[in-house]
Amino acid sequence: MIIGIVGQVSQVRDSRIPRPSDCGNGKTNLMVSMAYHQFRTRGRKVITNFHTKYPGSDNWNCTWSEFMTAQEIFEHFLDPEYDDALVCISELSGILHSAARSSKTIQWVDNNLNQRRKAGHDLIWDAQRWMSNDKILRDKTDYIYVPVKFHCVYDIRTQNWIPTTQCPKDICDEKHLILVWQDFPAPDPEDALTPIKILHAWEIGELYDTKERITDQTLHAPA
Ligand SMILES: [Zn+2]
């Protein structure tokens with residue numbers, strides 16, 4: 001299964017659902033929460049193109065995922081040892097944008113994605129915006145989620161964190177909840193306004209380097 005997490009919606013949405021802000025809307029936070037859940041509950045091998053760590057630890061050598069660059073991930077996509085691995089690629093749109101300079105590379109990526117999907121292997125990707133060259137990705141993606149970052153307050157009566165206002169900032173010191181809506185397949189109208197998940201961003205932020213920028217965005221087909 002291929003799951004996409006986007007910071008900008010692909011289709012016209014109900015105007016009552018908040019639109020994500022342009023930056024820092026919790027995409028990687030959502031990806032990490034799904035991947036860490038699979039690691040914890042199933043002991044599943046996780047591959048990420050960003051660095052992870054255990055909560056409460058600052059030891060980046062002791063991680064719950066295997067770090068690879070996007071290039072390494074695509075080179076090893078179909079290796080049998082990664083059959084059951086959950087592969088997570090952050091900022092895939094930018095990576096595809098760079099790959100688009102070579103039709104051979106785009107073909108290689110496209111083939112890899114097709115074969116991985118046919119084999120029933122799992123991939124989660126995130127991207128800020130859709131771009132024209134994302135067509136190869138869009139057609140293969142089974143679910144698309146849109147996270148939106150909110151400030152929150154603690155409600156003593158229900159002992160729950162309650163979302164208040166949407167956060168417009170990339171870097172912000174306040175506490176955040178990430179509310180997640182499903183964009184594709186379009187949910188039933190009566191469910192459309194309800195977030196499918198609410199994440200405590202500060203807890204998931206303990207599991208990866210929230211300040212890391214994915215800088216290695218080059219891809220090239222093997223010679
Ligand atoms: Zn904020």
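Trainee: Which residues have the most contacts inside the largest nonpolar core?
Mentor: In this predicted model, the largest nonpolar core has 48 residues, and Leu30, Met31, Ala35, Val87, Cys88 and Ile124 have the most contacts inside it.

Trainee: What makes Ile124 part of that picture, and which residues does Ile124 touch?
Mentor: Leaving aside residues up to four places away in sequence, Ile124 touches Ile3, Ile5, Met31, Met34, Ala35, Leu86 and Cys88. A contact here requires C-beta atoms within 7 Å. In soluble globular proteins, nonpolar side chains tend to be buried together.

Trainee: Why is β5 called largely enclosed?
Mentor: Because 6 of the 6 residues of β5 are buried, the strand is largely enclosed by the rest of the structure. Asp122, Ile124 and Asp126 point one way, Leu123, Trp125 and Ala127 point the other way, and all are buried. In a regular strand the side chains alternate between the two faces of the sheet.

Trainee: How do you know that β1 and β4 pair with β5?
Mentor: Pairing needs at least two bridges. Strand β1 (residues 2-6) is joined to β5 by 5 bridges and runs parallel to it, with Ile2 having Leu123 as its bridge partner. Strand β4 is also parallel to β5, over 4 bridges, and there Leu86 has Asp122 as its partner. Both pairs therefore meet the requirement of at least two bridges.

Trainee: Is β7 covered or hardly covered?
Mentor: Hardly covered: of the 7 residues in β7 (residues 160-166), the count of buried ones is 0. To be buried, a residue needs 20 or more other C-beta atoms within 10 Å. One of the bridge pairs is Phe150 with Gln166.

Trainee: What makes Gln159 and Glu91 stand out in their backbone?
Mentor: Each has a positive phi of about 55° although neither is a glycine. Most residues other than glycine have a negative phi, and most peptide bonds are trans. Gln159 belongs to the hairpin of β6 and β7, which has 4 residues between the strands. Glu91 lies in the loop between β4 and α3.

Trainee: Which peptide bond is cis, and where is its proline?
Mentor: The bond from Phe184 to Pro185 is cis, with omega near -10°. Pro185 is found in the loop between β8 (176-184) and β9 (197-200).

Trainee: How do you know that the buried residues of α3 line one face?
Mentor: In α3 (residues 92-99) the buried residues are Leu92, Ser93, Ile95, Leu96 and Ala99. Seen down the helix axis they fall within an arc of 160°, so they line one face. They pack against α2 (70-76), β4 (86-89), α4 (103-118), β5 (122-127) and α5 (135-138).

Trainee: What radius of gyration would a compact globule have, and what does the protein have?
Mentor: With 223 residues, a compact globule would have a radius near 17 Å; the protein has 18 Å, which agrees. Its C-alpha trace spans about 60 × 45 × 30 Å along the principal axes, and 34% of the residues are buried.

Conventions. Residues numbered from 1 in each chain as written. Predicted model: local features only at pLDDT ≥ 70, side-chain atom pairs only at ≥ 80, totals over all residues. Core = buried A, V, L, I, M, F, W, Y, C linked by C-beta atoms within 7 Å. Buried ≥ 20, exposed ≤ 12 C-beta atoms within 10 Å, placed from the backbone. Contact = placed C-beta atoms within 7 Å. Arc of directions from axis to C-beta. Rg over C-alpha atoms; globule rule 2.2 N^0.38 Å.
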